Amino acid sequence: MAWDFETEPEFQSKLDWMDEFVREEVEPLDLAFGGSAAPYDRRNPLYKKITNPLKDEVRKRELWACHLGPDLGGKGFGQVKLALMNEILGRSAWAPNIFGCQAPDSGNAEILAAYGTEAQKQKFLQPLLDGELVSCYSMTEPHAGSDPKEFRCRAWKDGDEWVIQGEKYFSSHADIADFLITMVVTDPEVPVYQGTSMFLIEKGTPGVEIKRLSGLAGEPLGTGHHAYIHYNDVRLPDENLLGGPGQAFAIAQKRLGGGRIHHAMRTIAQCRKALDMLCERALSRVTQGEVLAKKQMVQEYIADSFIQLEQFRLLVLYTAWHIDQGHRDKARTFISAVKVQAAEVLHDIVRRALHVHGALGCSNEMPLVKLWAGVPLMGVMDGPTEVHKVTVAKQVLKEHQPSDGLWPSEFLPDKLATARAKYAEHLEHDVGNL
Ligand SMILES: Cc1cc2nc3c(=O)[nH]c(=O)nc-3n(C[C@H](O)[C@H](O)[C@H](O)COP(=O)(O)OP(=O)(O)OC[C@H]3O[C@@H](n4cnc5c(N)ncnc54)[C@H](O)[C@@H]3O)c2cc1C
């Protein structure tokens with residue numbers, strides 16, 4: 001019987017160190033330099049100068065790239081421990097970089113480790129793990145995101161070379177990336193899930209044309225790091241294929257599942273940060289002769305936020321546990337569930353925190369509007385809420401399906417009649433009157 005909600009003291013001491021380190025040493029980077037693409041800009045000499053000593057400290061504590069196994073320089077902690085770490089790291093956009101576990105590099109490293117050839121690992125994986133390279137994952141297309149059956153970007157063989165032709169969209173950090181992992185239909189004759197392949201494309205490869213960069217809300221038009229790419233007759237040898245032809249979806253599932261749960265873990269931190277601010281404001285702002293904390297409606301904000309956050313956190317940890325236990329089907333359903341909940345809980349808690357800060361909450365001097373703008377991103381990226389709800393519903397329905405087809409429509413009255421018949425002698429009413 002092992003339903004244990006305690007953390008081993010040794011690991012707790014690591015978490016305590018991380019908590020203080022992130023608050024004292026890392027969060028100030030968000031305030032000073034912002035948090036959109038800056039943390040990913042690993043070639044920037046100023047950022048390097050500032051972040052290298054912080055990364056060294058993390059390595060010294062043996063907390064670098066903990067999502068990876070020891071063979072790749074990580075600790076192989078598993079998802080539950082990662083959840084406890086990420087619920088600290090998510091407070092800061094810089095922290096995952098300082099700890100070597102930032103998306104999309106973390107997922108890209110995992111698939112390179114699992115499917116890369118020795119040469120690919122040496123060229124791309126090791127420097128990525130060392131925090132020296134920036135990578136990009138290029139899958140979504142301008143006219144097809146959540147439905148890959150609509151993908152149009154194609155590759156075909158011309159002699160010894162693959163030729164890629166098509167467009168990708170919202171390929172984050174493609175402009176600063178050293179290499180892209182691009183998902184392309186290589187066999188349109190079979191279902192897309194079997195006919196799509198992944199390619200490793202180095203920076204500067206002829207034919208990779210960035211048509212424009214989209215930014216997120218608040219960033220001036222024409223700036224931003226989400227690239228609309230035209231792959232215009234990009235020619236690659238076989239050795240740039242990651243995994244075998246047709247394997248892209250099997251590979252993608254490995255990285256997307258991990259990516260989604262890690263986003264959810266970090267969302268706990270963002271919600272907690274908003275709840276911290278909500279409480280600090282409630283205890284410090286005096287209105288109508290008393291602090292806001294005395295107003296029942298504000299108390300309701302705090303109580304609802306706390307309850308939602310703790311429910312969400314438990315669901316995330318339970319999901320992480322399913323992954324660690326190797327419960328594949330369960331994990332898939334639960335990952336979709338936490339992906340949906342992440343956007344909803346973030347929405348509710350940030351809205352309340354923002355409101356109690358009044359004008360200050362709406363300003364660029366507080367991080368609340370930025371957190372607020374993150375809500376729709378959380379609901380859309382890595383698959384929209386609606387699609388994940390469909391995944392959850394399908395699995396729940398599957399578990400309720402009788403082995404011999406549909407439930408009869410008279411199922412519930414039948415069950416009631418059977419139960420009442422069983423206890424008929426104790427019931428006042430005649431079972432026949434049902
Ligand atoms: C900040 C950010 C970063 C991103 N980074 C990357 C990246 O690095 N690489 C990459 O490849 N992609 C990236 N994406 C793209 C992201 O993965 C896609 O936006 C996502 O998969 C949804 O695709 P779409 O935008 O084309 O929306 P669509 O697929 O067009 O869906 C639009 C809307 O239609 C509705 N909908 C869709 N399907 C259903 C359904 N089955 N039932 C009911 N309603 C439905 C939903 O409301 C959905 O939000 C990023 C997105 C964001 C916001």
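Hi everyone, let's start at the ligand: 21 residues surround it, and the closest are G145, S146, S172, P384 and E386. Here, "near" means that a residue's C-beta atom, placed from the backbone, lies within 6 Å of the molecule. Two or more residues of this shell come from each of β1 (135-138), β3 (161-172), α11 (368-380) and α12 (385-400). Helices (H or I, at least four residues) and strands (E, at least two) are DSSP runs, numbered from the N terminus. By class, the shell has ten nonpolar, eight polar and three charged residues. Ala, Val, Leu, Ile, Met, Phe, Trp, Tyr, Cys and Pro count as nonpolar, Asp, Glu, Lys and Arg as charged, and the others, Gly among them, as polar.

A quick note on the model: it is predicted, so local features need pLDDT of at least 70 and side-chain atom pairs count only at pLDDT 80 or more, while totals for chains, interfaces and linings use all residues. Residues are numbered from 1 along each chain as its sequence is written.

Now, helix α2. How far apart are the end C-alpha atoms of α2 (residues 45-60)? They are 22 Å apart, which agrees with the 22 Å that its 16 residues should span at 1.5 Å a residue. That expected span is 1.5 Å times one less than the number of residues. After α2 comes E62, with a positive phi near 60°.

Last, the pair α5 (residues 105-115) and α6 (residues 118-129). In α5, D105, N108, A109, L112 and A113 meet residues of α6 including F124 and L128; contact means C-beta atoms, placed from the backbone, within 7 Å. The contact divides into seven nonpolar, two polar and two charged residues.

Technical notes
Two residues are in contact if their C-beta atoms, placed from the backbone, lie within 7 Å.
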